[in-house]
Amino acid sequence: MDLKEKLVSSFMAFENKVDVDAPLHQIRNEAIKIFEAEGFPSKKDEAWKYTSLNSILKEDYSVFPKQENALEFSEAKSYMLHEMDTYKIIFIDGKYSSHLSQTTHDGFDICLMSSALNNPKYRLVIENYFNKVAEKDGLSSLNTAFATEGAYIHIKKNKLVNKPIQIIHFSTGSEEAVMLQPRNLIVVDENSHVQIIERHQSLTDNPVLTNSVTEIFANKRAIVDYYKLQNDNENATLIDNTFVNQKQESHCFVHTFSFGGKLVRNNLHFYQNGERIDSTLNGVTIIGKKQHVDHNTLVHHIEPNCESHQDYKGIFADKSTGVFNGRVIVNKEAQKTNAFQSNNNILLSDKATINSKPQLEIFADDVKCSHGCTIGQLDESAMFYMRSRGIPEKEAKALLMYAFTNNVLESVKIPEIKSRITKIIAEKLGVNLGFDL
Amino acid sequence: MLKINNLHASVEDKAILKGINLEVKAGEVHAIMGPNGSGKSTLSSVIAGKEEYEVTEGEIFFDEENIEELSAEERAHKGIFLSFQYPVEIPGVSVTNFIKTAINETRKAKGLPDMPAKDMLKLIREKAELLEIDRKFLSRSLNQGFSGGEKKRNEIFQMAMLEPKLAILDETDSGLDIDALRIVASGVNKLKSKDNAVILITHYQRLLDYIVPDFVHVLYKGRIVKSGGKELAHELEEKGYDWIKEEVDA
Ligand SMILES: Nc1ncnc2c1ncn2[C@@H]1O[C@H](COP(=O)(O)OP(=O)(O)OP(=O)(O)O)[C@@H](O)[C@H]1O
Ligand SMILES: [Mg+2]
């Protein structure tokens, strides 16, 4: 039985177990039908031309973790941002870990999807927002069909959340191979401000396939600052589907740092439903070996006077491969749009590849749109300059790579995250530079 | 300190240096002049260890050691410094972080611990003052958007920080206004001692009024075709290169 059949057939058992009367019953049933019809994407799909899931889908994943697993803080600590105070919503093999988490209902709800789905108190929010911005493609639908757990964050009007929120999904490797379908819902109401850090981390080399869906709603004048830290083990695959719906004058920043994993696919899609919206999508990818990272971005400018900024930097070593597909749609009504996109890449080996493809679909005439893509090697004259000042080759390379990613790092607003990422980059490059940029 | 014997070097199979002989002793200042394209920058790059250039014949000794096999950074650690004719822009790395890294890597190579942050700061302040460099300047990205003169001044600032044994200044004077030239020259003079040496590559007598050379060499078509004392520079300033070219080409 292949993975698709296995998922479809286990859906029945799953639905019965959950509750046929649950409000999501119908949504789930529709979703599984879509998945059944569409299945997993293949290279025949234009949007998946350069990313193949074939070898990954061959694993015999367990689709419902069989047992609950615990994790000591000491085992989890290094993956958490523990040097600062944060709210934490932590999952272990798809199940909530109250032991490691720190949630709240004081002024805002920072808690669990499972309780939000089952508690009538949240029914209205679920009805208004759940599955409303998520796309209805095969993978997102698969997640919707099985959605039970994840982070539920609702920041009500005029709130400044006093500390960042960490969402971490651990997998313990207690089973041979496991598939996870985390589902996060984030609703930020008028004038509110929140910072979120998301991470998926496996603790062994057992294969994990995560198909995650995150819906973010930034309502009027809300500010959402979101960081995705992707630095997973070599046998972990992440398909991250994040959909953002923005209302007028809201600002949403998503930073994606992709350093690890076997294969990572980021579908990061923004919909601007209002005027004077700002959307920022920044990314740094540094990979090697046979790793693969695919960024599929979309910014849909629907109304006038909005901006979007995309800045993706990639460094590819060994036989690693990268994909950047940045789509920008500017509707006819969306006059005075400013949409900027840049994708710059460095290939450190002649066996590394990057496929970079901007896709601008502009239907308005009074707009400023630009895109640029570069693919290059490290600048030889800069290398000689640095080495002639006593900086060894390896450190000089690292310094140049830091410098290359610097403007994205500069835009990180949480210093602890910035220094954490600087550290990971230094580790990746195997150097100790002795200062933070 | 530096001894170059019959040095031939080429890039992409094109011979550029065709038998250079040069000896520089501690405490000396040598000026190298010569028409455009004669190989002056190539010679300095070869001494500094640029891999693009292939040494096809001859050898370079630094403190009695043949440095042919040494990388650029190893040569820097031994005390060779090159002030670039065209300093490279490195966006995203500040002047301060760059020089800190250069100093600490050099110390590391010598088995020394990192320089304490306090000492580093003091040193930076001292040398910036010596070269009349504004503190704000030091937090800018290295050479990015610097004016021609600022780039050159920044090169000498780095030299002052690194205190090399042998400094090769490749056209450091071009692009400097009169005041900057004076500041840079007096900076170089202050760093000069009986234990170090300077090679000045220049097109103009002007610089040599400030930093007085012990020897002046003319490089032409990849060879040193004439050497003399400081009066040779005056003669060149007056008469140009034609008379030398004629002598050589004859
Ligand atoms: N990387 C290279 N590839 C090809 N040719 C080169 C390269 N580097 C130098 N050359 C050539 O070698 C010759 C010497 O160049 P070099 O820069 O050393 O001259 P120079 O004496 O410093 O001139 P200038 O006074 O203009 O600075 C020139 O003809 C130059 O074009
Ligand atoms: Mg030159």
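Author: Two strands count as paired if DSSP finds at least two bridges between them, and strands (E, at least two residues) and helices (H or I, at least four) are themselves DSSP runs, numbered from the N terminus. This is a predicted model, in which local features need pLDDT of at least 70 and side-chain atom pairs count only at pLDDT 80 or more, whereas totals for chains, interfaces and linings use all residues. Residues are numbered from 1 along each chain as its sequence is written, chains are lettered from A and ligands numbered from 1 in the order in which they are written, and side-chain values use heavy atoms, with hydrogens and water left out.

Reader: With that in mind, which residue in β4(B) stands opposite His8(B), and how many bridges join β1 to β4 of chain B?

Author: Strands of a sheet pair through backbone hydrogen bonds, either parallel or antiparallel. Here β1 (residues 2–11) and β4 (residues 54–62) of chain B run antiparallel and are joined by 7 bridges, with Glu57(B) as the residue opposite His8(B). Both strands belong to an open sheet of 4 strands in chain B, whose order is β2-β1-β4-β5 with antiparallel pairing. Because β2 and β5 (65–66) of chain B stand at the edges with a single partner strand each, one side of each is left without a neighbour in the sheet.

Reader: How should I read β6(B): are its faces covered or open?

Author: In a regular strand the side chains alternate between the two faces of the sheet. In β6(B), Ile80(B) and Leu82(B) lie on one side and Phe81(B) and Ser83(B) on the other, and all are buried (under 20% relative accessible area; exposed is over 50% and partly exposed in between, with a 1.4 Å probe and protein chains only). β6(B) also pairs in the parallel sense with β9 (residues 166–170) of chain B over 4 bridges, and within β9(B) the bridge partner of Leu82(B) is Ile168(B).

Reader: Which residues coordinate the magnesium ion (ligand 2)?

Author: Donors are N, O and S atoms within 2.8 Å of the metal (3.2 Å for Na, K and Ca), and since water is not among the atoms, sites may look incomplete. In this model, Ser41(B) through OG and Gln85(B) through OE1 coordinate the ion at 2.0 to 2.1 Å. Ser41(B) lies in helix α1 (residues 40–48) of chain B and Gln85(B) in the loop between β6 (80–83) and β7 (90–94), so the pair ties together parts that are 44 residues apart in sequence. Ser41(B) counts as partly exposed at 24% relative accessibility, whereas Gln85(B), at 16%, counts as buried.

Reader: How many residues surround ligand 1, and which are the closest?

Author: Taking a residue as near when one of its heavy atoms lies within 4 Å, 15 residues surround ligand 1, the closest being Gly37(B), Gly39(B), Lys40(B), Ser41(B) and Thr42(B). The largest share of this shell, 3 residues, comes from α1(B). For polar contacts (pairs of N or O atoms within 3.5 Å; within protein, one must be able to donate a hydrogen and the other to accept it, and residues adjacent in sequence count only if both atoms are side-chain atoms), an oxygen atom of ligand 1 is 2.9 Å from a polar backbone atom of Gly37(B). A polar side-chain atom of Gln85(B), likewise, lies 3.0 Å from an oxygen atom of ligand 1.

Reader: Within the protein, where does Thr202(B) lie, and is Thr202(B) buried or exposed?

Author: Thr202(B) sits in the loop between β10 (197–201) and α7 (205–210) of chain B and is buried, with a relative accessible area of 0%. The side chains of Thr202(B) and Asp173(B) are joined by a polar contact of 2.5 Å.
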